[in-house]
Amino acid sequence: MLQYFIKRLLGLVPTLAIVGGLVFLFVHLLPGDPARLAAGPDATPETVALVRQDLGLDKSLPEQFLRFVGGAVHGDFGRSLRTKRPVSTEIAERFAPTFWLTVVAMAWSVVVGMAIGVLSAIWRNRWPDRLGMAIAVSGISFPAFALGMLLMQIFAVQLHWLPTVGADSWRHYILPSLTLGAAVAAIMARFTRSSFVDILQEDYVRTARAKGLPESRVIMKHGLRNALIPVVTMMGLQFGFLLGGSIVVEVVFNWPGMGRLLVDAVDQRDYPVIQGLVLLFSLEFVLINLVVDLLYGVINPAIRFR
């Protein structure tokens with residue numbers, strides 16, 4: 001397993017290199033002049049030229065790319081064009097709110113989604129199954145921004161139970177986490193049901209029932225454990241998507257996280273911040289997939305990495 005782990009870590013290098021190159025090209029294709037935005041709308045052309053020189057945007061694209069790669073190798077993504085602060089500092093301040101929001105959303109959505117999926121598989125083609133899948137389809141189909149505004153309207157504006165913006169206390173996490181985790185819960189429910197239905201039709205499950213084992217033991221020990229392999233894969237993918245894809249929710253709830261920072265950076269053409277955030281999202285996604293692969297051996301010791 002150690003060799004497998006080292007091999008996967010070495011595989012991060014070309015992946016991040018390709019992502020870094022694509023991100024660099026993408027941000028420089030964005031319309032708008034960051035030097036003009038930084039100098040202000042009333043700045044003279046001479047002032048804009050001085051700002052462009054100060055920001056290093058007067059150099060050729062190959063020179064800017066080599067400078068970006070050299071800094072990224074040492075963990076230095078440059079300084080924000082908007083705030084003049086190090087990009088690493090900007091991201092570090094926004095990482096914790098996004099991370100904990102993702103953890104809370106993932107925690108409730110996995111528990112609820114797997115519970116719905118298991119119950120739907122047990123009562124397949126009966127009313128609990130139809131109700132559970134109807135809820136799952138609704139969760140997938142309803143847009144996150146619409147769900148967020150609906151929850152704010154009900155629980156904040158009309159009932160005055162929960163705050164709408166900020167991240168100062170646990171109460172601020174409720175509405176954003178419900179909005180962010182709704183689609184994940186729906187996906188987990190459908191995926192768990194599909195996996196569990198297949199497992200319940202296996203010979204070893206029928207053998208366990210023929211031996212007279214309690215249904216709860218058959219489901220938990222023989223069914224759920226073997227059904228977890230594909231479910232854990234989906235869980236890891238969804239966690240990676242939530243970390244990098246909470247942009248809409250963070251904008252709706254004015255959440256001080258990385259998604260909001262990315263929106264502001266794109267609006268201001270803040271190239272270093274955009275590049276740093278996208279690279280971080282890519283690194284998170286790859287590392288989460290690696291952790292998921294290693295968890296296979298924990299869930300099922302029969303799995304060996306070669």
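**Close-up 1. Helix H9, largely enclosed by the rest of the structure.** Helices here are DSSP runs of H or I with at least four residues, numbered from the N terminus. From its first C-alpha to its last, H9 reaches 40 Å, close to the 44 Å expected at 1.5 Å a residue; the expected span is 1.5 Å times one less than the number of residues. Look for glycine 181, where a kink of about 40 degrees is centred; the bend is the angle between axes fitted to the seven residues ending at a residue and the seven starting there.

This is a predicted model, in which local features need pLDDT of at least 70 and side-chain atom pairs count only at pLDDT 80 or more, while totals for chains, interfaces and linings use all residues. Residues are numbered from 1 along each chain as its sequence is written, and side-chain values use heavy atoms, with hydrogens and water left out.

**Close-up 2. The largest nonpolar core.** A nonpolar core is a set of buried Ala, Val, Leu, Ile, Met, Phe, Trp, Tyr and Cys residues joined through side-chain atoms within 4.5 Å. Two or more residues come from each of H6 (87–122), H8 (144–158), H9 (171–200), H10 (203–210) and H11 (215–245). H9 gives the most, with ten residues. A second, separate core of 25 residues includes Val23, Phe24, Leu55 and Ile91.

**Close-up 3. Serine 120 in helix H6.** Here is a buried serine, with a relative accessible area of 1%. A polar atom of the serine 120 side chain lies 2.8 Å from the backbone oxygen of isoleucine 116. Leaving aside neighbours within four places in sequence, serine 120 is in contact (heavy atoms within 4.5 Å) with Pro128, Asp129, Gly132, Met133 and Arg193.

**Close-up 4. Helix H13 (residues 258–267) and its buried residues.** Met258, Gly259, Leu261, Leu262 and Ala265 are buried. They cover an arc of only 160 degrees around the axis, which puts them on the same side of H13; the arc is that of the directions from the helix axis to the C-beta atoms. Glycine 259 has a relative accessible area of 2%. Beyond its neighbours within four places in sequence, glycine 259 is in contact with Thr98, Ile247 and Glu250. Just after H13, arginine 269 takes a positive phi of about 55 degrees.

Terms used:
Buried means under 20% relative accessible area, exposed over 50%, partly exposed in between (1.4 Å probe, protein chains only). A polar contact is a pair of N or O atoms within 3.5 Å; within protein, one must be able to donate a hydrogen and the other to accept it, and residues adjacent in sequence count only if both atoms are side-chain atoms.
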